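Biologist: Could we go through this model together? I should like to take it piece by piece.

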Amino acid sequence: MQPGAKKYPHVFSPGYLGKMEVKNRIKYASTETNFNFVDGYVSDKEVAYMEAQARGGAGMVTTQGAFTDPSGEGKGYVGMMAIYDDRFIPGLKRIADVIRKYDSRSVLQRMHCGRVGGVHLDYTVGPSVVPQRLPRFREPREMSVEAIEQCVQQHVDAANRCQEAGFDAIEISGIVGYLLSNFISPYTNQRTDAFGGSPEKRAEFPRRIVAGIRKAVGEDYPIVIRLCGRELLDDRGGNTAEDTMTTNKIIVDAGVDCLSITAGWQESAKSVISRDCPQGSWLYIAEEYKKVLPEHVTVAMAYRLFLPDQPDQAIGAGKLDFWESCRAMIADPMLPAKILEDRQDEIIPCMACNLCLARLFRDAELNCMVRPSLGHETEPEFGFYGFAKAEKKKSVAVVGSGVAGLQTAVIAAEKGHRVTVYEKADHPGGQLFAAAYGPWGDEEFGRLINYYVTMLKKHGGELKLGTEVTKEMLEELGTDVVVLATGAAPDRSAYTGGDGPNVVSSLDVMCEKVEVGKRVAIIGGTGVSISTALYLLDKGGHTVSIIGPQKKFGRDVNPSYIWRYMSKLKGGNVEMVTLCQVKEITAAGVVVTAKDSKDTLVEADTVILANMTPVGAELREAVKKKDSYVIGDSLQVRRAVNALLDGYRLGMRI
């Protein structure tokens, strides 16, 4: 028995999807990729991505959603695959075949995106005309009874094609504001006919879909459905938990073998899958459904379950049947195999940054902050299945152990180079180390730092902490390659009075190295400023102002986070001093000049600089004669995804 199976016996025990046995309780959960062709045909890139998910050892692997209608009303993503015609079956079969190669059960998801669909149209469809709350989506049109009946048949036809393509099971998506959830919720379903008006009638459309599919595919073919256990739409007339339970039970009773339960819509004004929602937060919903559903119906859940401990305990306690993993396996498809081998410290950890979602919502291909090899699984130079050894081994000195430097060092070491990382602090991680002090889940950043340190040691690299590299030291090192990854820090010289005793660095504040007064002014309108303000609010006892020339602060922050962060800042009475320039810093605070040229004093006991600027310029001259590179914030101040991509690309080149 593998060590991980002993450690997590419930996760690695066989499970059942209807009458079909599954080798373990891990199910790769569906996500769109935008890897496919705009006409709905499956691409080689999609097949390679799905093969990686199966190769990682999950018991079940679910495809992205396939849209079921030729008009494209159900298509919500530009690269979404199609299943509305037999001509798509050969491409879909390629996915089923590649999943089967690794003894995993293949599940094809079909999905009508409803009020968030119609990506190539100027409208969307739904049960009723309810104005959009999110501006990126097009206004809906009400579906006629004939259109509803046609949509049911399209789902049934798609199920037949799913079987013909060789999939082991079919999944129906009815979550986050897609069409089935639109019919279920009174927020978007205001009909008074057979498809609306009561929980039972709002369940009728998805019930007919399940019943129709069950009749078409036979009694033994597994059917999975994804439904919301909590809509989190209380502020706009959504379902209560009790009404949701009523509708979901009706739908499941129509012939479902497995219920994948979720929480929230894209329109919900509550955190659901970001770091400020603690891991395991939604398991109680799965337990509720386990208590009331028939014994033969299994329950699966994905949201905020990145580590095996919680799902293993939940499965063992009878609160859950399958652990679904989506973003965690986007970050590392080999997650199941690494857990099975008890190599958890080698799992590339998802940071719940939601770059993946931001990309999809901008009609771009799926991307991942921590895994640049995403979408390049078949390209050896990207090293998804491991980097080949370099023909010529080099000595490599990396100055700085932020994520850019560590990323470069790990890849270079894996390729066989002799790598040494020098860090002047007594800890690795750079700015991410400081960010991990932030509230509401930001401690998870520490997992990423630990991963890079683990992989550096595994591949024979050396990390020297408490070692500041000077120009003289660089000249004496005699290495073949020097990588400057010294990062960024606030610039005191940028402001008159910036060297005053009341002026401190945001990084020092976050790392709890300095005392901060009651009244605080933070200079800089980027994510660093916002993180610092949130940290101070969480600590309590401070009145906070943020000062910057921008019209809106936090434009560099992911959309999944910024609206909630701004809400937290507003709730904490943080003053936003926008559209101004800092004239000087005094003992009384910060003097700013507004657009009308008037000067104003923002009173503060402590002034925090969050105006990040590259550091290490004095080292650049010393390495010009060497094979040298400057990466990450040392080159240009950006976000962590840019630093990691810099490091990855450089590691590939060395």
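**Loops, sheets and helices**

Modeller: Asp342 counts as partly exposed, because its relative accessibility is 34%. Please bear in mind throughout that this is a predicted model.

Biologist: Where is Asp342 found?

Modeller: Asp342 is in the loop between α12 (335-340) and α13 (355-361). Its phi is near 55°, a positive value in a residue other than glycine.

Biologist: Let us turn to the sheets. What is the strand order in the one that contains β22?

Modeller: That open sheet has five strands in the order β19-β26-β20-β21-β22, with parallel pairing. Its edge strands, each pairing on one side only, are β19 (503-505) and β22 (575-577). On average, neighbouring strands are turned by 25° against each other, direction ignored.

Biologist: How many bridges link β19 to β26?

Modeller: Three bridges link β19 to β26 (residues 606-609), and the two strands pair in the parallel sense. Within this pair, Ser505 has Leu609 in β26 as its bridge partner. Helix α19 (residues 527-539) packs on the sheet and touches β20 (519-523), β21 (543-547) and β26. The direction of α19 makes about 165° with that of β20.

Biologist: What about the sheet with β14 in it; which order do its strands take?

Modeller: The order is β16-β15-β14-β17-β28, an open sheet of five strands with parallel pairing. At its edges are β16 (462-465) and β28 (627-630), each of which pairs on one side only. The twist from one strand to the next averages 15°.

Biologist: How is β15 joined to β16?

Modeller: Strand β15 (residues 418-423) runs parallel to β16, and four bridges join them. Val421 stands opposite Leu463 in β16.

Biologist: Which helix packs there, and what does α16 touch?

Modeller: The buried residues of α16 pack against β15 and β16, and also against α14 (403-414), α15 (430-435) and α22 (640-653). Those buried residues include Phe445, Leu448, Tyr451, Tyr452 and Leu456. Helix α16 (residues 445-458) has 14 residues and reaches 20 Å from first to last C-alpha, close to the 20 Å expected at 1.5 Å a residue. Just after α16, Gly460 takes a positive phi of about 90°.

Biologist: Moving on to β12: which way do its side chains point?

Modeller: In strand β12 (residues 298-301), Thr298 and Ala300 point one way, Val299 and Met301 the other, and all are buried. In a regular strand the side chains alternate between the two faces of the sheet.

Biologist: What does β12 pair with?

Modeller: Strand β11 (residues 258-263) pairs with β12 in the parallel sense over three bridges, and Leu259 has Val299 as its bridge partner in β12. Two bridges join β12 to strand β13 (residues 322-325), again running parallel, with Met301 partnered by Trp323 in β13.

Biologist: Which helices connect these strands?

Modeller: Helix α9 (residues 283-292) lies in a right-handed β-α-β unit with β11 and β12. The chain then crosses from β12 through helix α10 (residues 309-316) to β13, and this β-α-β crossover is right-handed.

Biologist: Last topic: is Asp257 buried or exposed?

Modeller: Asp257 is buried, because its relative accessible area is 9% and the cut-off is under 20%. Asp257 lies in the loop between α8 (241-253) and β11, and its side chain makes a polar contact of 2.8 Å with that of Arg214. Leaving aside neighbours within four places in sequence, Asp257 is in contact with residues including Leu17, Tyr221, His296 and Thr298.

Biologist: What span should α8 have?

Modeller: The 13 residues of α8 should span 18 Å at 1.5 Å a residue, and the end C-alpha atoms are 18 Å apart, which agrees. Among the buried residues of α8 are Thr244, Met245 and Ile251. The elements they pack against include β10 (223-230), β11 and α9. Just after α8, Gly255 takes a positive phi of about 140°.

Key:
Residues are numbered from 1 along each chain as its sequence is written. This is a predicted model: local features need pLDDT of at least 70, side-chain atom pairs count only at pLDDT 80 or more; totals for chains, interfaces and linings use all residues. Side-chain values use heavy atoms; hydrogens and water are left out. Two strands pair if DSSP finds at least two bridges between them. Axes are lines fitted to C-alpha atoms, for helices over the stretch in contact, and angles run from 0 to 180 degrees between N-to-C directions. Buried means under 20% relative accessible area, exposed over 50%, partly exposed in between (1.4 Å probe, protein chains only). A crossover is right-handed if, with the strands pointing away from the viewer, the path from the first strand over the helix to the second runs clockwise. Contact means heavy atoms within 4.5 Å. A polar contact is a pair of N or O atoms within 3.5 Å; within protein, one must be able to donate a hydrogen and the other to accept it, and residues adjacent in sequence count only if both atoms are side-chain atoms. The expected span of a helix is 1.5 Å times one less than its number of residues.
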